[in-house]
Amino acid sequence: MSLTYEEKNIPRARNLRKNATPQEKHLWYDFLASYQPRFQRQKPIGGFIADFFCHKAMLVVEIDGSQHYEDKGMKKDEFRTGVLEEYGLMVLRITNLQIRDNFRGVCEYIDMIVKERTK
């Protein structure tokens with residue numbers, strides 16, 4: 001299945017790139033911006049915008065704040081993950097706390113998954 005996107009999400013994705021959370025900025029500027037294979041940030045896919053996306057690995061990395069662990073947020077994330085998986089994508093969910101407390105481990109984990117998916 002090829003990746004599609006909704007045109008209306010393009011301006012929103014640009015805005016999200018300009019107004020990234022501190023955790024998103026940290027992961028982007030201190031790891032993913034120079035990582036190979038290439039990642040994109042705030043990538044529209046289907047009706048959603050993925051925090052980070054690597055086409056070669058067919059991998060989405062989502063950075064989750066506390067709202068993602070409330071009932072409503074968890075249900076939305078479960079639905080969103082299911083839709084993205086229908087595209088053949090793997091979705092990694094990483095918490096803000098993991099970025100703060102174990103940044104190196106997060107980077108190593110992403111690197112391991114990318115390498116497994118691009119063999």
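This note covers the nonpolar cores and the salt bridges of the model.

1. Basis. This is a predicted model, in which local features need pLDDT of at least 70, side-chain atom pairs count only at pLDDT 80 or more, and totals for chains, interfaces and linings use all residues. Residues are numbered from 1 along each chain as its sequence is written, and side-chain values use heavy atoms, with hydrogens and water left out.

2. Main core. A nonpolar core here is a set of buried Ala, Val, Leu, Ile, Met, Phe, Trp, Tyr and Cys residues joined through side-chain atoms within 4.5 Å. Buried means under 20% relative accessible area, exposed over 50%, partly exposed in between (1.4 Å probe, protein chains only). The largest core has 21 residues; Leu27, Leu32, Phe39, Leu59, Val61 and Ile110 touch the most other members. Two or more residues each come from α2 (22–30), β2 (48–54), β3 (59–64), β4 (90–95) and α5 (103–117). Helices (H or I, at least four residues) and strands (E, at least two) are DSSP runs, numbered from the N terminus. Helix α5 gives the largest share, 6 residues.

3. Another core, of 10 residues, lies apart from the largest one. Its members include Met58, Val60, Tyr87 and Leu89.

4. Salt bridges. There are 7, each a side-chain nitrogen of Lys or Arg within 4 Å of a carboxyl oxygen of Asp or Glu. In one of them, Glu108 pairs with Arg104, with closest N and O atoms 3.3 Å apart. The two sit 4 residues apart in helix α5, so about one helical turn separates them. Arg104 is exposed at 64%; Glu108 is partly exposed at 48%.

5. Further pairs. Lys115 bridges to Asp111 at 3.0 Å between the closest N and O atoms. Shared partners join Asp64, Asp77 and Arg93 into one salt-bridge network.
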